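Work through the exercises below with the sequence and the model in view. Each task is followed by a solution in steps.

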Amino acid sequence: MKIHIAQIKEYDSIVIRQFMAEAADKDDLWQQLQDCHNILIKPNLLGPYPPSAAITTHPAVLESLILLLREHGKEVWLGDSPGGTNPVNRVWQATGIKDLAEKYSCQLLNFSSGNVRIIKQGNIEFSLTDYFWQADAIISVGKYKTHSLMYYTGAVKNLYGLIPGLKKSDYHKYYPDNASFSRVLASLYEICRQRFIYSFVDGIWGMEGEGPSAGIPRNFGTMFASLSAAALDWTAARMMGYDPGRISYLAATLQMDDLQPSDLEVEDKWRDFIFPDVKIKGISRLIKFLAHSPAFLKNSFRRIYRYYPDFNENCKLCGVCVTSCPVQAIRMEGTGSTPVIDYKTCIKCLCCHEVCPYHAVYIKKSLLAKFLIK
Ligand code: SF4
Ligand code: SF4
């Protein structure tokens with residue numbers, strides 16, 4: 001399986017389009033899409049963040065793809081379901097996708113308000129936007145970031161946005177930790193594999209540290225493309241400095257695509273390439289420790305390894321964290337009062353950290369957690 005990687009330092013639409021066109025040609029994409037007319041582009045539009053925050057897929061990347069698809073006579077749909085209860089119109093406006101949809105007269109689809117199809121995979125029931133099934137093919141355009149709960153997000157996790165609105169929070173409620181939520185992502189991928197999906201990941205500006213929304217923007221200067229979202233992620237996570245085999249959902253999805261790490265083909269110059277000093281090192285140590293420890297040690301470890309969300313002075317009292325918390329652990333006692341967390345109810349899913357549009361939720365850590373996750 002080929003993973004195409006290009007060094008692209010800035011958002012230059014011409015260079016991006018050239019990379020996309022070359023990757024598509026090498027993968028015979030146009031041949032595979034010959035009977036497909038309506039193509040759904042699924043970017044990562046997590047919240048109402050400007051493109052400069054490096055949290056959402058950059059509009060220049062989407063513009064290049066729209067032009068390329070139009071060149072090949074395709075009808076383009078753009079759609080997503082942002083995280084939490086952030087108003088969708090604000091997300092469309094802030095991320096630049098509204099302007100883009102207007103400029104190119106593309107349908108802009110809010111997955112939170114359309115019909116859904118319910119599908120069971122194993123013992124997990126999924127509600128997926130009906131647009132996913134109506135489109136003839138899907139092109140996922142994820143963002144290259146660290147993730148506080150899942151460690152890494154790129155192509156596979158981008159598909160989680162196919163689940164409408166607050167239904168996403170329900171899965172966090174019933175599958176709150178990394179291991180159980182990895183099963184959710186892998187099961188969802190198994191469903192998504194029924195459709196034709198091509199993946200790009202925008203790593204021109206990505207994120208390190210406490211991603212997916214409160215980390216530090218970093219100019220990785222890289223774009224990725226592949227016919228396999230799982231293969232793309234395995235390679236991209238490795239280049240971030242992770243051992244991808246220890247990130248459960250990456251290991252599971254690569255297996256679903258019937259691939260081994262040795263089946264992944266990249267140009268020679270990327271084979272052993274790792275971005276220097278990405279802020280994931282602590283997390284990486286933690287994953288290794290948990291993978292190798294017996295259950296009793298893991299349990300003792302969890303008693304001293306503690307992390308929980310708290311608020312800082314950036315809070316604008318918008319209430320998005322309150323309405324997005326899957327277990328209603330956050331309260332605002334009256335008008336103008338700051339939010340308060342009931343830590344007995346909190347399941348540490350970090351949804352509040354992910355959806356706060358003002359970076360007002362940070363992760364408080366015990367000494368050991370501070371040491372492991374810098
Ligand atoms: S922490 Fe404050 S600003 Fe952030 S979502 Fe909650 S209420 Fe809004
Ligand atoms: S307070 Fe935050 S971390 Fe805790 S359950 Fe609610 S959303 Fe999740």
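**Exercise 1: helices H1 and H3**

H1 and H3 are oblique to each other. The model is predicted.

Task: At what angle do H1 and helix H3 (residues 59-71) pack, and which residues make the contact?

Solution. Step one, the geometry: the packing angle is about 55°, and the axes lie 9 Å apart. Step two, the handedness: H1 passes H3 in a right-handed crossing. Step three, the residues: H1 contributes Ser13, Ile16, Arg17, Met20 and Ala21, while H3 contributes Ala60, Val61, Glu63, Ser64, Leu65, Leu67 and Leu68. Step four, the classes: eight of these residues are nonpolar, two polar and two charged.

**Exercise 2: two helices against H10**

Task: How are helix H8 (residues 178-192) and helix H10 (residues 248-256) oriented, and which residues meet?

Solution. Step one: the axes come within 8 Å and cross at roughly 25°. Step two: angles under 35 degrees count as roughly parallel, and H8 is therefore roughly parallel to H10. Step three: the crossing of H8 past H10 is right-handed. Step four: on the H8 side the contact has Ala179, Ser182, Leu185, Ala186, Tyr189 and Glu190, and on the H10 side Ser248, Tyr249, Ala252, Thr253 and Met256. Step five: this contact consists of seven nonpolar, three polar and one charged residues.

Task: How do helix H9 (residues 229-240) and H10 cross?

Solution. Step one: their axes come within 8 Å, with a crossing angle of roughly 140°. Step two: only angles over 145 degrees count as roughly antiparallel, and H9 and H10 are therefore oblique. Step three: the crossing is left-handed. Step four: Ala230, Ala231, Asp233, Trp234 and Ala237 of H9 are in contact with Leu250, Thr253, Leu254 and Met256 of H10. Step five: by class there are seven nonpolar, one polar and one charged residues. Thr253 and Met256 of H10 are listed in the contact with H8 and in the contact with H9.

**Exercise 3: backbone exceptions**

Task: Which peptide bond is cis, and which residue has a positive phi although it is not a glycine?

Solution. Step one, the background: most peptide bonds are trans, and most residues other than glycine have a negative phi. Step two: the bond from glycine 211 to proline 212 is cis, with omega near 15°. Proline 212 sits in the loop between strand S9 (197-208) and strand S10 (216-218). Step three: aspartate 28 has a phi of about 55°. Aspartate 28 lies in the loop between helix H1 (13-26) and helix H2 (29-32).

**Exercise 4: domains and ligands**

Task: Where are the domain bounds, and how many residues does each domain give to the contact?

Solution. Step one: domain 1 covers 3-270 and domain 2 covers 281-372. Step two: each of the two gives 23 residues to the contact. Step three: helix H7 (residues 167-174) supplies four residues, the largest share of the domain 1 side.

Task: Which residues are closest to each ligand?

Solution. Step one: ligand 1 is surrounded by 13 residues, with Cys315, Cys318, Cys321, Cys356 and Ala360 the closest. Step two: ligand 2 is also surrounded by 13 residues, and here the closest are Cys325, Cys346, Cys349, Cys351 and Cys352.

Note on methods. Residues are numbered from 1 along each chain as its sequence is written. Chains are lettered from A and ligands numbered from 1 in the order in which they are written. This is a predicted model: local features need pLDDT of at least 70, side-chain atom pairs count only at pLDDT 80 or more; totals for chains, interfaces and linings use all residues. A residue is near a molecule or strand if its C-beta atom, placed from the backbone, lies within 6 Å of it. Domain bounds come from an automatic or database domain assignment. Two residues are in contact if their C-beta atoms, placed from the backbone, lie within 7 Å. Axes are lines fitted to C-alpha atoms, for helices over the stretch in contact, and angles run from 0 to 180 degrees between N-to-C directions. Angles under 35 degrees count as roughly parallel, over 145 as roughly antiparallel, 65 to 115 as roughly perpendicular and the rest as oblique. A crossing is left-handed if the near helix is turned anticlockwise from the far one by less than a right angle, and right-handed if clockwise. Ala, Val, Leu, Ile, Met, Phe, Trp, Tyr, Cys and Pro count as nonpolar, Asp, Glu, Lys and Arg as charged, and the others, Gly among them, as polar.
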